[in-house]
Amino acid sequence: MGFDSIRELGRALLLFGLVLAGLGLLLMLGPKLAGRLGRLPGDIVIRGENFTFYFPLVTCLLVSAILSLLFWLFSRR
């Protein structure tokens with residue numbers, strides 16, 4: 001086992017730790033964030049007498065941008 005393989009193991013463990021910490025933070029703040037997600041300014045809500053139309057436009061754009069950034073970051077590795 002050379003220094004390069006130990007360095008790669010260290011990077012993988014560090015990345016795993018950061019992902020785990022981010023997941024823990026998301027779970028801690030989840031109820032606060034989930035209450036806001038889907039009700040952002042710019043989401044479309046049309047209320048009629050007998051129906052309600054809801055389209056979370058800004059929420060979809062935000063989730064798409066975050067996922068695109070994550071996939072771009074992981075594809076560079």
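In which helix do Glu8 and Arg11 both lie, and how many residues apart? Select helix α1, residues 3-36: Glu8 and Arg11 are both in this helix, three residues apart, about one turn. Helices here are DSSP runs of H or I with at least four residues, strands are runs of E with at least two, and both are numbered from the N terminus.

The model is predicted, so local features need pLDDT of at least 70 and side-chain atom pairs pLDDT 80 or more, while totals for chains, interfaces and linings use all residues. Residues are numbered from 1 along each chain as its sequence is written, and side-chain values use heavy atoms, without hydrogens and water.

Next, show the side chains of Glu8 and Arg11. They form a salt bridge at 3.4 Å, N to O (a side-chain nitrogen of Lys or Arg within 4 Å of a carboxyl oxygen of Asp or Glu). A search of the whole structure finds one such bridge. Glu8 is partly exposed at 46% relative accessible area, and Arg11 is partly exposed at 49% (buried is under 20%, exposed over 50%, partly exposed in between, with a 1.4 Å probe and protein chains only).

Now zoom out to the chain. Its elements are two helices and two strands, in the order α-β-β-α along the sequence. Of its 77 residues, 6% count as buried. Color the surface by element: the chain exposes about 7000 Å², with 72% supplied by carbon and sulfur atoms (Shrake-Rupley method, 1.4 Å probe).
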